[in-house]
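Here are my notes on the model you sent, as numbered points. Please read them with the structure open.

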Amino acid sequence: MRFLTANREIPKDDGALPFFHRDVRNLYVKMKIMHAMNDAMELLQYCKVAKDENTKVQFTYTLNDERKLENVFWSPSPCINWYKKYVEAIVVDITYRVNTYNMPFVIFVGVNNHGKMVLFGCALLRNKTCKTFLWLMKTFLILMKKPPKTILMDQDPWMAEAILKELPLIKHAFYIWHITSKFSGWFTAILRNKYSSWCANFYKLYKLAPVYTYEEFEDQWPQVIIKYNLHESKHANGLFQIRHFWVPSYLRGYFFVQGLGNFNLFSKSSRGLLVPSVSSYLLSVSQLTKDLNCDVVFSSKKVTFMGSISRKKIEIKQGSSLRTLSPLEKQSYDILTPYSFKMFQDEFGRVTQYVLIEDNCEVLMQYYKENSQNQKVLWDVETITCSCKHFEFWGMLCRDILIMFLHKDCYIIPSIYSPLR
Ligand SMILES: [Zn+2]
């Protein structure tokens, strides 16, 4: 094609070429359409063969009025089992695109109890309309059987509407990476040499947010806006308007598994996936499944390890072994994966840094250094809650509740607080 383009000026009458440039272009377009049809057939054939070989494979598709492939969703064989285990919180990323056919590529992922990403399913869509997303979410629910509790995703009005209609009871939040990835386009021209400082301030406020109440966040946000003179910025104002969807202080009552916030499979520059054909695309998805689930053999809650890597080696690698004689630590050691146990130890190791202050029916946990946030812990024998909502948010007990267990001579973690991961 390049050769013919280079020779486009050669007139047909000269006898140098027996056709015009437009003849070649027409042929190219015709072949491209034929190739696309073959690719669509190849994709459906691949899914049907996979389903015949393993009934756990899930897939479905829609055809347009011309009976051409429109949308397709599929979940490879191990994914349905992983979804059953780690259904609570998922990421739906709709920001990828298969360049060859200019089709949005959607992936559904979660985090296993080793902190590793697991793939639940993926889809190729014709477009990003509300109708298409409604089909996608309805299909996902039908095939995967159970709804998640929380969905983390990009800020997309049509997707938000589809989630609201198909999954009205779940918590929908925005992924912070998708928000901050737009910052350079939004703020560089306005802030110029103050841009880096603004980003640092934003992240500082965002990272502090978990220990702040949302009232404190709302107090501090205007101060940052004043500092950078962003009153007139529609993006800064928009961020504040949608604060309930991205500021952790507003989300602490909902379950977002640890590690979900680290989701970023591809670099920003490779968000448009260059895939020459569906077969190579399927190969990419297959590799993606392997990459995301490389540690899946260790995903049992009972920690029944398979393969050649022993728990001992993983513990050495992750630095998780018993540090105290506390029955609470031993119990956690027995039921948690090394990854989760390491997180438990991080919290348990800090219990000695706090002072417990009883004030009538309220108990406050105060850090030994001054000027720190106190957490309120409530215990009514049956249940125990902490104002930091670490358990509700991450599924792991916080240091405040662990201090309360020790204070009340509770040496067995109640079953309702068995870690969710
Ligand atoms: Zn707490």
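1. Helices α14 and α15 cross in the right-handed sense (right-handed if the near helix is turned clockwise from the far one by less than a right angle, left-handed if anticlockwise). The axes of α14 (residues 327–335) and α15 (residues 338–348) come within 9 Å and cross at roughly 165°. That makes α14 roughly antiparallel to α15 (angles over 145 degrees count as roughly antiparallel, under 35 as roughly parallel, 65 to 115 as roughly perpendicular and the rest as oblique). Axes are lines fitted to C-alpha atoms, for helices over the stretch in contact, and angles run from 0 to 180 degrees between N-to-C directions. On the α14 side, Leu 328, Glu 329, Ser 332 and Tyr 333 meet Phe 341, Phe 344 and Phe 348 of α15 (contact: C-beta atoms, placed from the backbone, within 7 Å).

2. On the basis of the model: this is a predicted model, in which local features need pLDDT of at least 70 and side-chain atom pairs count only at pLDDT 80 or more, while totals for chains, interfaces and linings use all residues. Residues are numbered from 1 along each chain as its sequence is written. The protein has 17 helices and twelve strands (DSSP runs numbered from the N terminus: helices are H or I of at least four residues, strands E of at least two).

3. On confidence: pLDDT, the predictor's confidence in each residue from 0 to 100, averages 80 over the protein, and 75% of the residues score at least 70. Over residues 266–276 pLDDT stays under 50, and the model has 20 contacts beyond four places in sequence for them. Residues 293–309 are also below 50, with 24 contacts beyond near neighbours in sequence.

4. The open sheet has four strands in the order β9-β10-β11-β12, with antiparallel pairing (two strands pair if DSSP finds at least two bridges between them). β9 (354–359) and β12 (384–386) each have a single partner strand, so one side of each is left without a neighbour in the sheet. From one strand to the next the twist averages 25°. Three bridges pair β10 (residues 362–367) with β11 (residues 375–379), and Val 363 stands opposite Val 377 in β11.

5. Which strands does helix α17 touch? Helix α17 (residues 399–407) packs on the sheet against β9, β10, β11 and β12, and its direction makes about 45° with that of β11. Seven of its nine residues are buried, so α17 is largely enclosed by the rest of the structure (buried: 20 or more other C-beta atoms, placed from the backbone, within 10 Å of the residue's own; exposed: 12 or fewer; partly exposed: in between). The buried residues include Ile 401, Leu 402 and Phe 405. Just after α17, Asp 409 takes a positive phi of about 55°.

6. Strands β1 (residues 58–63) and β2 (residues 69–75) run antiparallel and are joined by six bridges. They form a hairpin with five residues between them, where Arg 67 in the turn has a positive phi of about 60°. Phe 59 has Trp 74 in β2 as its bridge partner.

7. Leu 125 lies in the loop between β5 (117–124) and α4 (130–144). Leu 125 counts as buried because it has 22 C-beta neighbours inside 10 Å. Beyond four places in sequence, the contacts of Leu 125 include Asn 71, Met 103 and Leu 136.

Terms used
Two residues are in contact if their C-beta atoms, placed from the backbone, lie within 7 Å.
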